[in-house]
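Visitor: Could you walk me through this protein model, one question at a time?
Guide: Gladly, let us look at it together.

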Amino acid sequence: MTASRVPVPDPRRNPKLSRRHSRSKSAPKGAATGRNKSKVSALPRHRQIPFPLWLKALMAAQNLSIAATILLTASVFGIYGWTVYAQDQWNQQYKKLEHLKRQERQLTTAEEALDNNLIRSVQQQPGDLVRERPEQSIFLPAAPLRPKRDTPPTNTTEAMRPATESERIGY
């Protein structure tokens, strides 16, 4: 079992730790403090001690695992945020679709009601309608012909081939 290596503070860097300041204020300057006057050497700093290879490998693995954990956590939050955003957008678009479907049904109902009213009014008062005559028609001249556009050639074998399983899934 090895002794634990605790760094000892250097009194030269911190004046509060020097011997002349460590005496109590009440003791006179010449009085002995009762300590042994032998010289105490400081332990070497932890950076000066060479680490074994297995410990260096463990520290490198720890640093890599911390970095991987941070990256994975950030990516999980990003994916979660994107998922919530996508679901919110989908819900909004679905509500718009339902609203448009409701409007389409209302317009179809209104159109059928107008057609029904028109048919009833014609049946009740058939004299209100006048047949069309060619003299009342407006004829417009035909638009000039446009030049044909060159269309890219299509591969007839591509159009004739049967659909694959992956192409049929969407239908």
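The questions below go from the whole chain to a few residues on its surface.

Guide: A word on the source: this is a predicted model, where local features need pLDDT of at least 70, side-chain atom pairs count only at pLDDT 80 or more, and totals for chains, interfaces and linings use all residues. Residues are numbered from 1 along each chain as its sequence is written, and side-chain values use heavy atoms, with hydrogens and water left out.

Visitor: Which helix has the highest confidence in the protein chain?
Guide: Confidence here is pLDDT, the predictor's own value for each residue, from 0 to 100. The chain has a mean of 79, and 65% of its residues reach 70 or more. Where pLDDT is low, the predicted coordinates should not be read in detail. Helix 1 (residues 19–22) is lowest with a mean of 51, while the highest, at 95, is helix 2.

Visitor: How many helices and strands are there in the protein chain?
Guide: Helices (H or I, at least four residues) and strands (E, at least two) are DSSP runs, numbered from the N terminus. Along the sequence, the pattern reads α-α-α-α. The count is four helices and zero strands.

Visitor: Is tryptophan 90 buried or exposed?
Guide: Buried means under 20% relative accessible area, exposed over 50%, and partly exposed in between (1.4 Å probe, protein chains only). Tyrosine 94, at 40%, is partly exposed, and so is leucine 97, at 39%. Tryptophan 90 has 55%, so this residue counts as exposed.
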